[in-house]
Amino acid sequence: MSQPPILIILVAGIGDMILASKAMRSIRRGYPQSEIHLLTSTEAGSLAQSFPYINRIYFFPIRELRRNKVFILRTVSILFQLRKTIYGIAVNLYRVGSYLGAMKMGGFFSLLKAGKKIGHDRYGFGRFLDVSLPASTFEGRHVADAMQEIAIKAGGIPDDRGIEVYWNPEAETKWRSFFDPIAGKIAIGINPGGDRANRRWAPDRFAAVAARLVERFNARIILLGGPGDRDIASSIAQAIPSGVSDLSGTIPLDELPYVISRLDLLLTNDSGPMHIAGATKTPLVALFGPEDPRLFGPYTTPDLYRIVMKDVPCRPCGDKKCMHPICLDQIHPEEVLAACLEMLQQQSLR
């Protein structure tokens, strides 16, 4: 007798998708015969399509909905599709961040058909669940570990592997012609973008560090980012005399993990590519502004990353429109360069 399918809900970004990978893998280990469906954001879903333990993905237009209410129709359509299936378990892996978020997610859960509905009880979300974890589940610990605990509560079986990410196999053939000519040079990726302005270090400071790395190592600087980061990347490229390739806006998301895996170092803001680097074991230097790296930092071995941040009284900060991000303004190029040099030296000694 076949087991009923399982629905995982993770309406979040690409970084959160990668951090949830070990939790989703645990659920697959716990239910090897069940189909596993995933409801996630459009952006994260494009990356999750390569994950081997997911059978079907529903793309929830969360960011699109914020820009244009016409996407309400697509949201309703997704709900009707989900209601056609009776799930054995529906589990929300992600943290509930507000009372409004709890009510929205609770309303959604109340319409699902599932034998058990599982998540953590924060801001009243527990009243919509059959099995709930404490409100403190996400407090004082890394998000990846908190999601793993929810997965175990849902019947997942953990293993000793960390997070992981997969890429479209065609990426290896497609990008070989880019990387082969620079073989022998140090390839340093720079990701200057981020989903919020107050998570982005100043472009001229990235450029200052990049120029020094080119001068010292004859390195190849590879600028990364989505279509919305093209102007930022272009300004950095123009400030570097030579040795730079601007790939911003040109790499499909399901190919980006392969490109990052080929780097000798990634210098990045707190962002999805930071977590991709963590999953691919790519050495990285991460710049942290408003978020707490104990909760959202790179989830990899300590020898593979350095965090550059300043102690400021306003961290963690939930002000997405902060006009004076002193947390990032106080980070200077010299200390970022020093962290990059330390990581490159450490890798050369391996």
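This is a predicted model: local features need pLDDT of at least 70, side-chain atom pairs count only at pLDDT 80 or more; totals for chains, interfaces and linings use all residues.
Student: What is the radius of gyration of the protein, and why does it agree with a compact globule?

Tutor: The C-alpha atoms fill a box of roughly 60 × 45 × 40 Å along the principal axes. The radius of gyration is taken over C-alpha atoms, and the globule rule is 2.2 Å times the number of residues to the power 0.38. Because that rule puts a compact globule of 350 residues near 20 Å, the value for this protein agrees with it, at 21 Å.

Student: What percentage of the contacts with a separation of 6 or more comes from residues 24 or more positions apart?

Tutor: The secondary structure comes to 15 helices and 12 strands, which are DSSP runs numbered from the N terminus (helices H or I, at least four residues; strands E, at least two). A contact means heavy atoms within 4.5 Å. Among contacts in the protein with a separation of 6 or more, the part that joins residues 24 or more positions apart is 64%.

Student: Where is a mostly covered helix found, and which elements are included in what covers its buried residues?

Tutor: Buried means under 20% relative accessible area, exposed over 50%, and partly exposed in between (1.4 Å probe, protein chains only), and buried residues make up 55% of the 350 residues. Helix α2 (residues 21–30) is mostly covered, with 8 of its 10 residues buried, including Ser 21, Met 24 and Ile 27. Its cover includes β1 (6–10), α1 (14–19), β2 (36–41), β4 and α7 (143–153).

Student: Is Thr 85 buried or exposed, and which residues is it in contact with beyond its neighbours within four places in sequence?

Tutor: Thr 85 lies in the loop between α5 and β4 (87–92), and it counts as buried because its relative accessible area is 16%. Leaving aside neighbours within four places in sequence, the residues in contact with Thr 85 are Pro 5 and Lys 113.

Student: Which residues make a nonpolar surface patch of about 290 Å²?

Tutor: Like charges are joined within 9 Å, and nonpolar side chains (Val, Leu, Ile, Met, Phe, Trp, Tyr) within 5 Å. Val 76, in helix α5 (residues 72–82), counts as partly exposed because its relative accessibility is 38%. The patch is made by Ile 72, Val 76 and Phe 80.

Student: How many aromatic pairs are found, and why is the pair of Tyr 53 and Tyr 166 edge-to-face?

Tutor: Rings of Phe, Tyr and Trp (its six-membered ring) pair if their centres lie within 6.5 Å, with planes under 30 degrees apart counted as stacked, over 60 as edge-to-face and the rest as tilted. The whole structure holds 10 aromatic pairs. The ring centres of Tyr 53 and Tyr 166 are 6.4 Å apart, and the pair is edge-to-face because the planes stand at 80°.

Student: How many residues apart are Tyr 53 and Tyr 166, and which cluster do ring pairs link them into?

Tutor: Tyr 53 lies in the loop between α3 (42–48) and β3 (56–60), while Tyr 166 lies in the loop between α7 and α8 (170–179), 113 residues apart. Tyr 53 is buried at 4% relative accessibility, whereas Tyr 166 is partly exposed at 25%. The cluster linked by ring pairs consists of Phe 51, Tyr 53 and Tyr 166.

Student: Which peptide bond is cis, with omega near 0°?

Tutor: Its proline, Pro 316, lies in the loop between β12 (305–308) and α14 (326–329). The cis bond runs from Arg 315 to Pro 316.

Technical notes:
Residues are numbered from 1 along each chain as its sequence is written. Side-chain values use heavy atoms; hydrogens and water are left out. Patches are made of residues with over 30% relative accessible area and no salt bridge: like charges are joined within 9 Å, nonpolar side chains (Val, Leu, Ile, Met, Phe, Trp, Tyr) within 5 Å. Accessible areas come from the Shrake-Rupley method with a 1.4 Å probe; for residues, only the protein chains shown count as cover. A salt bridge is a side-chain nitrogen of Lys or Arg within 4 Å of a carboxyl oxygen of Asp or Glu.
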